[in-house]
Amino acid sequence: MVSFIAGLLDATVQAATVLLLAGMGELISERAGVLNLGVEGMMLVGALGGFITTVVTGSHWLGFGVGILLGMVLALVHAFLCITLKSNQVISGVMLTLLGTGLTTFFGSGWVEESINGFPQITFPLVGQYLVGIPIIGEALFRSTATDYLALGLLVVVWYFLHHSNLGLEMIAVGEDPEMADTMGVSVFRLRYLAVLIGGGFAGAAGAHLSLAFSQLWVPGMTAGRGWIAVALVIFAQWRPRRMLVGAYLFGLLDALRIRSQSISLTLGPDAPFASVINPIVEFLMTPQIMGTYPYLATILVLAYAVIRTKSDQLAVPSALLQSYSRETD
Amino acid sequence: MSEDTTLRMEGILKEFPGVVANDHVNLSVERGEIHGLLGENGAGKSTLMKVLYGLYSQDDGDIYLDGERLDLGSPQDAIDAGIGMVHQHFMLIPRLTVAENVVLGEREPATAFRSDAEDSWLPAAIRNNSLVQSLAGQFSLGLDVPEQRIQDLADQYGFDIDVSAKIWELDVGQQQRVEILKALYRDVDLLILDEPTAVLTPTEAERLFDSLERLTDEGLSIIFITHKLTEVDAIVDRVTVLREGRNVGTAEVSSVSRADLAEMMVGREVLFEIDRDAVDLGEPVLRARGVRATDNRDIEALSGIDLTVRQGEIVGIAGVSGNGQKELAEVMAGIRDVTAGEVVVNGDDITGAKPRTFVDSGVSFVPEDRLQYGCAEDLSVMHNATMKDFRDSRFGDRPFLNYGELRDYAETLVEEFDVRGVSDVTETKAGDLSGGNLQKLILAREIYRDPDLLIANQPTRGVDVGAIEFIRETLLEQRKAGTGIILLSEDLDEIFDLSDRILVVYEGEFVYETTPAEADRERIGLEMTGGGDDEGQMETSPPPSGVTQGSES
């Protein structure tokens, strides 16, 4: 049991990192007013690009960098379509996800058999060697891949950037009211491009983490909807970096449980009262496909709670999300 | 041209597809004056100012500030040149604090990195390095010093503002003062105010005027856009009048009469006096008793209102905004639930019924915010004109609608109510109409269905003189036709001119009732601010005294 929980926590951390990286990118992009539904596609491109680079060069760090870069390239398309051409953000995003999926399936088919030396599990520098001995959580928290630690570090950076820097303040302003930002001499165009590119870089990083650290192999469509969960995670976190930490680990735990659901038995013994009623329900709730919907259900619940509890003008969604801006249109 | 001229705009031409918004307009502003820019809605005032603020680029013409030609590619250029603008719709982000809104775009670095910091732990050599300054300006944010500066500015001009409060926590008057602080913080020499009183109560407008006079004393020049002649009289030194994109002329306010200005503005004579014939009052159309309701924040806004309106009666409701008028109007129109009391329309108790029931009972409603609640901006004039009556059998058998009939009906409304700017009722969007014309369309929709009770909340706010005249006459005609009307207005003149009975609302209760003939304006003013009550409410709302004039300097 102890080893099961330790293993579960370890998988939780790994899965959470994917969501955390992709979610942070989505959060930045959305705070600047641009919804990016192309995360899934950007993750796949990052995953394959990173994987191929690592196979060819043998350097997983170089692979990670290429993954980030490719995510940004796809994001540049999104930025051009949505910011410069002012086309519909939803359509552009979905199109990019389909494009990313198609491209990686085609170009990735020859790389499925390959194996790599991905990110190794390392103990946390300095204090890790002492803390790793803590029962149950020690291994999960203090022996992980470098990208797991990096994601946590970046979360602090993102939080600081958004809430304690001028660029962050300007980015939030652009996402709340681009016209207002423009009248204050803030370049809406430049900041939105920046936000979308950073978002794409994070999505690419999430994908590269997936293929280089999480599973250390390439399978077409390996993101398996995690890009969409990242979009849900931003809503779950109510566009706040700190809540995203909680959400990413919660969703990561659900993901880890889903993968292990076959080996968990929560059914009651045949003699227990109502066993014949409860057991089928429990079994149904534990099927992997049903468990895959839990992050979305949790997001719906959070959204409903947020709407009920706060008045609409205090809702955390950036006011100008989905709105394109140009000066002389009113 | 005098030496004191600070701004000259010469031959400004700005065209939009199908419209010439500014047709070679000239404008010159002298240092230290309040220069009025007067014109009806759609006359091109805002366009001209957006050109001056770098939001629009002109198709022809030049702008000179203190003799230098300005080439304004963006608002940043205008800010750098010392021009500030307070927009008609506030440019504030409700979720951010006052200080964050004010410093946005100024790139204030963390305190330690400020080049003017006195006891920074960083050596001055590093702080003054341009690369370090640029990085600190982008990747850090220090609000302590700016907050102090904003507070000092606020104190200097007598603004009561908490710099760390979030914008949504402030009332409209305070938000406007934040807008002015935004400009002052950037050391502007020329301040543009686009219809600043449109959202203010008369008391708040008075305070604004005081502040503006203090600003001009300090040497600032102000361009004051308005379509209210009373305001021109009150604070403007010289005025330039625009009509249909052209400038009609510039005049010293002291040398022209109000009637002259109105004629320049509208292009014809305007009547200020309204004939109000006596009308016999009929049966009560509305009887409300003990009505209580809460506002959007769940705070009680109406604390036991009794109101009876009879056929052919206009009941004017006066009060400082935010004393329950909005809630009162919405409760009587059936779109806000009461927490206690009853609402009886034409003898039927329809308390708590759906808005549709109120509509079907003959209640019409002109809401305060015409863009948000009065119309569907993106739908056509036809859709908006028929929005309340499309279920009527004359528009076809359900579920199908007879579009030909709908169209004819909409065209009739547009014609009879003189709604301008409609090229095709099925094509023109309601949101594209100017304020006055949109208001006429809404009024047409609400009145043409021959209501028994009409609730008009601020029907003439923010519309031009021509439209005001029309709207007031329409209300009086409707009164003659036997409709009971509740008129909520912050314009006391309007209340006096139109009402048969005046009620003063204060903190969700009626505190005073009178008629225009007997009314004493001073008494009404006192009652509106809670000062008329003998039970010592003076203590809870003292007049805004304690403002220190700049005597210590």
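Two strands pair if DSSP finds at least two bridges between them. Strands (E, at least two residues) and helices (H or I, at least four) are DSSP runs, numbered from the N terminus. This is a predicted model: local features need pLDDT of at least 70, side-chain atom pairs count only at pLDDT 80 or more, and totals for chains, interfaces and linings use all residues. Residues are numbered from 1 along each chain as its sequence is written, while chains are lettered from A and ligands numbered from 1 in the order in which they are written.

Start with a strand pair in chain B. Strand E19 (residues 501-506) of chain B pairs with strand E20 (residues 509-514) of chain B in the antiparallel sense, over five bridges. Within this pair, B:Val504 stands opposite B:Tyr512 of E20(B). Two residues separate E19(B) from E20(B), and the strands form a hairpin. In the turn, B:Glu507 has a positive phi of about 45°.

Now turn to where the chains meet. Chain B gives 26 residues to the contact and chain A gives 20 residues. Residues are in contact if their C-beta atoms, placed from the backbone, lie within 7 Å. On the side of chain B that touches chain A, helix H2 (75-80) and helix H5 (130-139) of chain B each supply at least two residues. That side of chain B holds 13 nonpolar, eight polar and five charged residues. Here Ala, Val, Leu, Ile, Met, Phe, Trp, Tyr, Cys and Pro count as nonpolar, Asp, Glu, Lys and Arg as charged, and the others, Gly among them, as polar.

Helix H1 (residues 2-31) of chain A packs on helix H12 (residues 241-260) of chain A at about 135°, with the axes 7 Å apart. Axes are lines fitted to C-alpha atoms, for helices over the stretch in contact, and angles run from 0 to 180 degrees between N-to-C directions. H1(A) is therefore oblique to H12(A). Angles under 35 degrees count as roughly parallel, over 145 as roughly antiparallel, 65 to 115 as roughly perpendicular, and the rest as oblique. The H1(A)–H12(A) crossing is right-handed. A crossing is right-handed if the near helix is turned clockwise from the far one by less than a right angle, and left-handed if anticlockwise. The contact includes A:Leu8 and A:Ala11 of H1(A), and A:Met244 and A:Phe251 of H12(A). By class, it has 17 nonpolar, three polar and two charged residues.

Key:
Contact = placed C-beta atoms within 7 Å.
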